[in-house]
Structure formats: structure tokens, C-alpha cells
Amino acid sequence: MNKELKRKSDEELVQLSIENDENYLELMKRYEVRLLRYIRRISNVSKEDAEDILQEVFISVYRNLRGFDQSLKFSSWIYRITHNQTISHIRKIKRIPKTIDLEDGNIFDLIASSSEMDIEIHNKIERENIVKAINELDIKYKSVLILRLIEEKEYTEISDILKIPISTVGTNINRAKKILIENLNKNGN
Amino acid sequence: MGISENVLKNIKENEIEKKSDFQFKLEKTLNYLLIIAGVVISGLSLAIAIESLLSLDLDVVSRSSSNLFEYLITSIPILLIFVSIALFFGIYLDITRTTKSYRHTKTIVLTSIFGGITVFVLFFIVTGLGKVTDRIFRENLPLYSIFSPYNNDFWVQPQNGLLAGNVVRIIDEDEFLLLDERGSLWNVQLIQPVESNVAFLRINDNVRLFGEVIEQLRFIASEVRVDSQRIIIRRFVNIYP
């Protein structure tokens with residue numbers, strides 16, 4: 001049964017979850033790690049806070065399963081809810097934590113090594129500069145950059161997640177890269 | 001136990017329910033109705049505002065009002081324009097929040113809403129429904145009437161040479177009976193007819209007169225305006241033989 005569920009698409013699992021709550025577990029497990037990472041990457045909240053946000057996301061998704069718009073990808077829908085919940089959490093605490101967890105150093109390597117960026121990391125100091133530069137990014141730029149370079153989402157998916165036009169996705173990614181490089185140069189000097 | 005297992009346990013223990021299909025359909029339907037109602041009301045408001053402004057006799061208003069700007073800014077046409085603008089942005093926010101319009105640029109979404117409202121503005125002007133609604137509101141909503149540029153107090157000032165109302169009977173080419181906005185029946189006579197500005201007046205026409213009272217409920221009009229056109233009526237056409 002479990003193997004059968006694993007072969008199902010997200011959208012099929014949504015239907016199965018509507019019929020039986022147990023199937024929802026499989027859906028949550030598929031996204032647990034990815035979403036937890038996404039929450040922490042865009043908000044820099046603590047692990048505990050990120051887990052609390054994710055729980056709220058899963059409950060919200062569960063309550064709204066019947067409202068899922070089949071014309072969207074499920075992943076876009078759940079990322080959108082996660083994004084909104086995280087933003088709402090940040091607004092509630094009225095600040096964005098300023099430190100990125102260095103354990104998640106992967107993010108810097110991923111951004112730097114992305115084919116869309118042209119940054120080389122030679123040493124620890126450069127890595128710290130990238131941390132600082134990313135921290136200085138506005139959340140709207142940080143989100144598009146993470147969705148595109150780390151989560152490897154297509155422009156249409158990012159458009160659906162952030163509810164912005166596809167053209168704006170492109171513009172924001174380019175601006176984000178530009179600001180990131182400017183911040184890197186500034187921090188490097 | 002991981003987060004997913006915890007959530008499932010929480011759902012079961014607290015008996016958290018999924019929202020029903022009906023709830024989603026109802027929300028969706030109400031939302032579409034709200035958007036349509038917004039577009040229609042905005043169109044109607046703008047139609048009334050445009051017609052009122054076009055028929056605004058600025059010369060008369062400026063003569064009768066100590067502060068024309070203040071008068072205009074608190075009058076119905078301007079207030080209705082504000083209502084239309086507020087509705088326009090309300091519709092925009094609602095559409096972007098609840099539909100997939102975010103996939104298009106702001107310009108396309110805003111232009112579409114503007115186009116929709118324009119269609120209704122034209123509809124209300126062409127069919128005359130805008131004027132009818134304006135009249136119904138003026139007659140039935142005291143607050144609306146107070147802020148209307150053509151409220152009763154403003155236009156029924158025969159002692160100051162202003163009189164307005166509906167033509168109820170045409171006696172001959174230079175004389176007709178008028179029921180003013182406050183319900184008084186006036187005998188109106190024309191002076192200084194001008195040949196070049198011949199127009200036709202019909203029973204039930206709503207007219208604005210400029211002239212003077214010569215005795216109780218008798219008014220001599222030097223100028224008659226129908227639908228804000230500055231016309232001196234020379235000939236009357238009685239629809240009854």
C-alpha cells in the first residue's frame with residue numbers, strides 16, 4: 001500500500017487524502033524536509049519556529065484540500081501557503097532574524113555554484129561575505145533567488161507561488177543577482 | 001515522531017475537519033458576484049457622475065455658491081467619482097487576491113477592469129438608466145439629495161429667478177404648466193423667443209428655468225434649459241391632440 005502511494009502523483013494523493021486522512025501522511029512526508037528548509041532559508045527563523053510554521057502549513061493545507069485548484073501544481077500551492085505563512089510569522093514577530101544558520105551552508109554553495117551566478121568561493125571569508133550579502137537582500141529578492149537557484153523552480157511555478165507575473169519573476173531574479181553581487185563587492189572591500 | 005506524524009495525530013485528536021466543497025463553491029461564487037457587482041456599481045456611479053457634470057450649469061452654480069470649489073468637491077458627481085475609484089482599486093485587489101490574474105501584468109489587469117467599467121458606463125448612459133437611478137436616488141434618499149448639485153433647495157428658488165420641474169401641460173407656443181421639484185404647479189410664460197434656437201418641448205420634460213415671479217405661481221422665463229442645453233424654447237409640441 002505504502003509503495004503504491006509513493007508511486008502516486010501529488011495531485012492523485014490530494015484526492016486520496018480527501019478520502020482518507022492516512023494518505024495525507026505520505027503527502028506531508030514528501031514535502032516536510034523541503035518546506036522546512038525553505039522556511040528557514042527565507043526567514044532565518046530558528047529550527048523550532050520553522051517547525052511550528054510548517055505544522056500550521058500542513059494543518060492549513062489539510063483544511064483546504066478540497067479547495068485545491070487542479071490547474072496549479074500541488075507543489076506550487078503548498079509552497080505558496082508556506083511562503084505566506086512564513087511572511088505572516090515574520091510580520092507577527094515584526095523582524096527578520098539577521099543570522100543565517102551556518103549549518104545550512106549548503107545554500108551559499110548552491111547559490112554561488114549556480115549556472116546563473118558567477119561567483120567563486122575560495123575561502124571562509126568569502127563564504128561569510130556571501131552570508132552577509134544574502135542577509136542584506138530584501139525578502140522579495142531572497143525568495144525568488146532561493147526558489148529559482150535552490151529549489152530549482154520554473155518561472156511559472158515561482159509566479160504561482162509568489163502570485164506575481166512571470167515577467168516580474170524574471171525582473172526580480174535579475175535584480176536580486178545584481179544586488180547580491182553589489183553587496184558582495186561592498187562587503188569584500 | 002516527525003512533524004508529519006505529529007500533524008496527523010493533531011488532526012485526529014482535535015478532530016480537525018476539512019472545509020466542504022460547498023464552502024469553496026460558495027466562496028468562489030460570492031467572490032465573482034462581488035467583483036461583478038463592483039464593476040456594475042462603479043459603472044453606474046461613473047455614468048451618473050459624468051452625466052451630472054455634463055449637465056452642470058457652472059455659471060448658475062458659481063453665482064449661487066460662495067465657494068464653488070468646496071461646493072463641487074462635496075457634491076454628488078465628485079463623491080461618485082471617488083466611489084468609482086475606490087471600487088476600482090477594491091476590485092483590483094480582490095481579483096489579484098482570488099484569481100490567477102497575477103500571471104498577467106498589472107497593466108493588463110487594470111486595463112481589463114477599466115474596460116469592464118467603461119462598458120457599463122456606456123450602457124447606463126445609452127439606456128438612460130443612469131439618469132433614472134439618479135432621479136430615484138434624489139427623490140428617495142435625503143442624504144443623496146442634499147449633496148446633489150440639483151437638489152430641491154438649489155433649484156426651487158423662484159424669488160431668485162430659478163425654477164425647475166417637469167412640464168405637465170402645454171397651453172400654447174409661449175405658455176405651459178410646470179410641476180416644480182417641491183410639488184407646486186406653476187404657470188410659465190416665455191419672453192424673448194429666439195428664432196435661431198428653436199427647440200421642442202414635450203410633456204414630462206425636466207426643465208430648468210431662469211426668469212422671475214410676476215405673481216403667485218406665475219413665472220416668466222427668459223431662458224429654458226433642457227438637459228443642460230442653453231436653449232430658449234420657442235415652440236412647444238403637445239403630445240396630446
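Predicted model: local features only at pLDDT ≥ 70, side-chain atom pairs only at ≥ 80, totals over all residues.

**Entry 1**

Strand 2 (residues 175–180) and strand 3 (residues 185–190) of chain B are antiparallel, with five bridges. Opposite F176(B) I found V188(B), which belongs to strand 3 of chain B.

Strand 3 of chain B has another neighbour, strand 6 (residues 218–226) of chain B. Those two run parallel and are joined by four bridges. I looked up N187(B) here, and its bridge partner in strand 6 of chain B is R218(B).

**Entry 2: the two chains in outline**

I counted elements next. Chain B has nine helices and eight strands, whereas chain A has ten helices and zero strands. Written along the sequence, chain A is simply α-α-α-α-α-α-α-α-α-α.

For burial, I got 52% of the 189 residues in chain A and 40% of the 241 residues in chain B. I also looked at contacts between residues at least 6 apart in sequence. In chain A, 63% of these join residues at least 24 apart, and in chain B the figure is 62%.

**Entry 3: where A meets B**

How many residues of each chain are in contact with the other? I have 32 from chain A and 26 from chain B. The two chains bury about 2500 Å² between them, and carbon and sulfur atoms account for 58% of that.

On the chain A side, the elements giving two or more residues are helix 2 (10–19), helix 3 (22–43), helix 4 (47–63), helix 9 (155–162) and helix 10 (166–188). I sorted the residues of that side of chain A into 14 nonpolar, seven polar and eleven charged.

**Entry 4: N64(A)**

I wanted a closer look at one loop residue. N64(A) sits in the loop between helix 4 and helix 5 (74–93) of chain A. Its side chain makes a polar contact of 3.4 Å with the side chain of K19(B). Leaving out residues up to four places away in sequence, N64(A) touches W77(A), K19(B) and F24(B).

Why do I list N64(A) as buried? The relative accessible area of N64(A) is 16%, and the cut-off is under 20%, so N64(A) counts as buried.

**Entry 5: S143(A)**

Last stop was helix 8 (residues 139–150) of chain A, where I found S143(A). Buried or exposed, I asked of S143(A)? It is buried, with a relative accessible area of 1%.

I listed what S143(A) touches, again skipping residues up to four places away in sequence: Y38(A), I42(A), H83(A) and L162(A). I followed up on H83(A), which is 60 residues from S143(A) in sequence. In space, the C-alpha atoms of S143(A) and H83(A) are 8.6 Å apart.

Methods: Residues numbered from 1 in each chain as written. Chains lettered and ligands numbered in written order. Heavy atoms only, no water. Contact = heavy atoms within 4.5 Å. Buried area = accessible area lost by both parts, 1.4 Å probe. Nonpolar A, V, L, I, M, F, W, Y, C, P; charged D, E, K, R; others polar. Pairing = 2+ DSSP bridges. Buried < 20%, exposed > 50% of the residue type's maximum accessible area, 1.4 Å probe, protein only. Polar contact = N/O pair within 3.5 Å; in protein donor to acceptor, adjacent residues only side chain to side chain.
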